[in-house]
Amino acid sequence: MPRPSHGPLTAITDAIDDRTLAKNVHFAPDSGHILLFDQRMLLMHGFSVAALRHELVERLGLDRTRELFTRMGYQQGVADARCLREAEGGDTDDTLKRTLALGPRLREIEGFVRNQAVERMQFSTDSGEFWGDYYWQASWEAEAHLKHFGVSGSPACWMMTGYANGFTTTLMGRPILWRELECVAMGHARCRVIGRPLEECEDSADDLAFLQIEDFVSAPRGRSSAGAAAAPAAPAGLPDLVGASAGFNSVAHLLRRVAPTDATVLFTGESGVGKERFSKTLHAIGPRANGPFIGVNCAAIPAELVEAELFGVERGAFTGAHASRPGKFERAHGGTLFLDEISSLPMPAQGKLLRVLQEGEVERVGDTRVRPVDVRIVAAANRDLRAEVAAGRFREDLFFRLNVFPIEIPPLRERREDIALMVNVFVERYAKRFGKRIAGLTQRAAEALWAYDWPGNVRELENIVERAVILADDGGNLDVQHLFSGGERLTQPMFNLSAGGRLTREATEPAPGERPQDGLDRLIASLVDAGLGFEELEQRLLDHAMTRTGGNLSAAARLLGLRRGQFEYRTKKRTGS
């Protein structure tokens, strides 16, 4: 298949220096570690993973197993892309060329497949265009599928396809979709994949099922004798929630479990993580989907009006009550009532809410008649309700009534793999609204989005993208100055020596006209001039992290951007234990 007619693209380099990869692979059998870019790896038996894959297909069906393995590959691709980019350094086209070239080679070293370029990956950071065409030879997945199920009617290199998607999406800063057109499992002589930007791909719903919550939370599927399953149509009207991170997948799994029931659900998480969107999804796929979804922000209602808003009011109940009107509970009858920021309810209202939940009936303000209500309660809180109970600000009995099925939504900074996917959704939405065409993101912008701490979570990301689309030129790319022009602080973590000789971490901003890298280079030069060697510097970093976190190993690892296993490995390597 020839590349579509585009402008000139930059082709990745043919020369691959294996030393870049080899120097970042470490075998430490005495401590039980294999490390790749300081990430712990496992050397596993291929036949046992193939057997697990076979069992999952038999138990879950072909489509569900495909989703699991594709998401697993996607996460691996994201991790490898981040590590390779950090190893190569910089955000130039040359760096991108080298990193894209190393990705296929790294997957070969990991034992998954042998890559043979039909047409090597090509890209343009100006237009956002991308193209790649490869043969996959000796595919572990295709061989395993053919052995267990015989000739298949669809491609079977799920993990490899997910890896390619995650790897290139992370580097390009926009969703890149790889499709397997030929597969050994389908009887072809070899596997063949083509990658291009998502928006250039037609009929991509099946390929993207592993990224869409509509598919995560669909009803359980039956299996055919071959293990295949027919996927039902996605429910209409669902929020555009996308993600591929472990945190997102965990929330999606819990939603799928609780959706068919009528149980009360309590969403927790920081402000802006998307609790209302997840709540609407829960309603749309639940047994009350045909009923109303009524949302109420408890923090936005004045204390003196809470009861009237929730339970309704009768005419003449107080000054200004010129007509009777139902409250939120009555309006949500037969559907779902979403109580956002539930911890903001005043104590008297908490007691009356508890009674309604227990009795299933409401009494309007100024009325003596009780009215039965049938609603599913979905609550959300951005505070720790257990701590609120301990502080006497929230009723313990109401907390236990709401905490039937708690779901914690992780903040965006803990699921950065989802950023590129969400940015694509938001860019498409606001480009359409404002009548613009946006080519994509620059490499600097993609790096800045990844590095930013996201105190406002998904809500902040959406607002930043909306602003960037407004500021960007029609047909141009979104760059850092478009995204972060609202006072956000893009800081570079640095380490300085304190008066006592300890390393202290602070965020420094470059001087006007200075590149952020310049300050880091000066700091490194000063440490070298002071005679502080690498071994001593690493030991001081480890000691400082343990001291700062009070000896908490997990917190110390997070402080240095390491996993707990990596931190333990480095500590044991130095102590010899």
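**View 1. I34 and its bridge partner in strand β4.** The bridge partner of I34 in β4 is M41. Strand β3 covers residues 33-36, and three bridges join β3 to β4. These two strands run antiparallel. Strands here are DSSP runs of E with at least two residues, helices are runs of H or I with at least four, and both are numbered from the N terminus. Two strands pair if DSSP finds at least two bridges between them. The model is predicted: local features need pLDDT of at least 70, side-chain atom pairs count only at pLDDT 80 or more, and totals for chains, interfaces and linings use all residues. Residues are numbered from 1 along each chain as its sequence is written, and side-chain values use heavy atoms, leaving out hydrogens and water.

**View 2. The open sheet around β3.** Three strands form this sheet, in the order β2-β3-β4. The pairing is antiparallel. β2 (25-28) and β4 (39-41) stand at the edges with a single partner strand each, so one side of each has no neighbour in the sheet. On average, neighbouring strands are turned by 30° against each other, direction ignored.

**View 3. Helix α3 against helix α4.** α3 (residues 62-88) packs on α4 (residues 93-109) at an angle of about 130°, and their axes are 10 Å apart. Axes are lines fitted to C-alpha atoms, for helices over the stretch in contact, and angles run from 0 to 180 degrees between N-to-C directions. The angle makes α3 oblique to α4. Angles under 35 degrees count as roughly parallel, over 145 as roughly antiparallel, 65 to 115 as roughly perpendicular and the rest as oblique. From α3, the contact residues include Q76, D80 and L84. From α4, they include T95, L102 and R107. Contact means heavy atoms within 4.5 Å. By class, this contact has five nonpolar, four polar and five charged residues. Ala, Val, Leu, Ile, Met, Phe, Trp, Tyr, Cys and Pro count as nonpolar, Asp, Glu, Lys and Arg as charged, and the others, Gly among them, as polar.

**View 4. Helix α15 against helix α17.** α15 (residues 419-433) and α17 (residues 457-471) pack at about 45°. Their axes lie 9 Å apart. The two helices are therefore oblique to each other. Among the residues of α15 that meet α17 are M422, F426 and Y430. On the α17 side, L461, V465 and V469 are among the partners. The contact has 11 nonpolar, no polar and four charged residues.
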